[in-house]
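Here is a short briefing to read alongside the model. Have the structure open and follow the topics in turn.

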Amino acid sequence: MKKNTVLKFIFCLLLLIACNENKDNLHTDINSEWFDIDDIGHKTYSLEEPKSDQHNVSYLLLGDSKAIVFDTGSGENKAINGFKIKPIIDELTKLPVTLLMSHFHFDHNQNIHEFSNIGFPDLSFLKNNVSSNDIYTFTSEDLFYGNYPSEVKVNKWLPINTDIDLGNRIIQLVNIPGHTDESIAIIDKTNKMAFLGDYLYNGTLFLFNNNDITLYKKSIKHLVSILDSDYKLFGAHGSPKIEYNKLSKLNNFLICIENNECQYIAEKLWGEDVFIYKYEGMEILIFQ
Ligand SMILES: [Zn+2]
C-alpha cells in the first residue's frame, strides 16, 4: 500500500462514523450507483455516499426561485464508475444553482469543477486572498490532504448573518470557526433546519489545534443564540440527522477537555501527535 493510501485509510477509520442509524427520510426514485439521495423534507435533499470511506453527505436546498448545493462530495466515485454529482442535481432541479462549500477540506470539494456558479461566504480573510479576477488558490492547509482543487473562480460573495431569500425560503450563512476558520453553517430560518458541515456530525470530530477549543465553544454559543430545539441539525458525514442535544453535549465535552477533566489517549497520526478524547458517546481528536 502506498503511504498516501495508508494515511487515508487511517483517516477513514478514525472517523468511526455511525452509519446504521434509522432513517426517516423518503428515498427518491433517482438511481445512482454512488449517491444515496433522500428527500429530507421542505424541498431539501441529502446526497449520501455510503460507499465512500468517510460516508460524506452533501445537500441540495431548493427555494421557489434559487437552489443551493452544500458541498460536492468525496470524489471517490470517479474511480469507481465516473458518475458525477451535477447530473443528479440537474435531475432534482431546474432552478439556478449556487454551490457553497461547508469548508475547504478535500473531502467536501471534489467534483467542484462540475459547477459553474460558486459562492463563497463574504469573509474578509477570504476576500483578501483572491486574485484581481476573483480566483481563490487553495493552500495545502485548506485542503488538508491532496492538491485538488488547486484553485477556483469565485462567482459571488454571499453575505454572513444576513437573510438570503431562495424564494419563500430564508436562509442565513453563519461563520462557525473551530474545525476550520472558514467553516460555515447554513441556517434555514423558514423550515428550521441547520446544516453544520464538519463542525458537528455523527462521528469523530477533528480539531487541528488546542486553541480551536476556544473557537469551537464560541461558535456553539453563537449557534445556540440563533437556533432553538425545534431545529433539525444535519452534518456532513455519517447518518445525516444529528440530535439537537448534541450541541450542548459538545459544549460540555469541550469544557471537560479544557479543564483537564477528560482524559486523552496519545496516538501518532501521519507522524504527528494527536490526543483522542471520549465523552458520553462522542469522540474528539486534536492534533498537538
Ligand atoms: Zn473537514
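**Starting inside the fold**

Ala185 touches Val174, Ile176, Ala194, Phe195, Leu196, Gly197, Tyr199 and Leu223, leaving aside residues up to four places away in sequence; two residues are in contact if their C-beta atoms, placed from the backbone, lie within 7 Å. This is a predicted model, in which local features need pLDDT of at least 70, side-chain atom pairs count only at pLDDT 80 or more, and totals for chains, interfaces and linings use all residues. Residues are numbered from 1 along each chain as its sequence is written.

**The chain overall**

- The chain has seven helices and 20 strands; helices (H or I, at least four residues) and strands (E, at least two) are DSSP runs, numbered from the N terminus.
- Of the 288 residues in the chain, 37% are buried; a residue is buried if 20 or more other C-beta atoms lie within 10 Å of its own, exposed if 12 or fewer, and partly exposed in between, with C-beta atoms placed from the backbone.
- Among contacts in the chain with a separation of 6 or more, 59% come from residues 24 or more positions apart.

**The nonpolar core**

- The largest nonpolar core has 58 residues, and those with the most contacts inside it are Leu47, Tyr59, Leu60, Leu61, Ala185, Ile186 and Phe195. Such a core is a set of buried Ala, Val, Leu, Ile, Met, Phe, Trp, Tyr and Cys residues joined through C-beta atoms within 7 Å.
- Helix H7 gives the largest share of this core, five residues.

**The four-stranded sheet**

- Four strands form an open sheet in the order E15-E20-E19-E18, with mixed pairing; two strands pair if DSSP finds at least two bridges between them.
- Strand E15 (205–207) and strand E18 (264–269) are at the edges with a single partner strand each, so one side of each is left without a neighbour in the sheet.
- From one strand to the next, the twist averages 25°. Axes are lines fitted to C-alpha atoms, for helices over the stretch in contact, and angles run from 0 to 180 degrees between N-to-C directions.
- E18 and strand E19 (residues 272–279) run antiparallel and are joined by six bridges; Tyr264 has Tyr277 in E19 as its bridge partner.
- Helix H7 (residues 246–258) lies across E19 and strand E20 (282–287), and runs at about 45° to E20.

- Strand E14 (residues 193–195) and strand E16 (residues 232–234) run parallel, joined by three bridges, and Met193 stands opposite Lys232 in E16.

**Helix H6**

- The buried residues of H6 are Asp212, Tyr216, Ser219 and Leu223.
- Seen down the axis of H6, these buried residues fall within an arc of 65°, so they line one face of the helix; the arc is that of the directions from the helix axis to the C-beta atoms.
- Lys221 and Ser225 are exposed on the other side of H6.
- The cover over the buried residues of H6 includes strand E13 (184–188), E15 and H7.

**A hairpin to look at**

- Strand E2 (residues 36–39) and strand E3 (residues 44–48) pair in the antiparallel sense over four bridges, with Ile37 opposite Leu47 in E3.
- The hairpin of E2 and E3 has four residues between the strands, and Gly41 takes a positive phi near 95° there.
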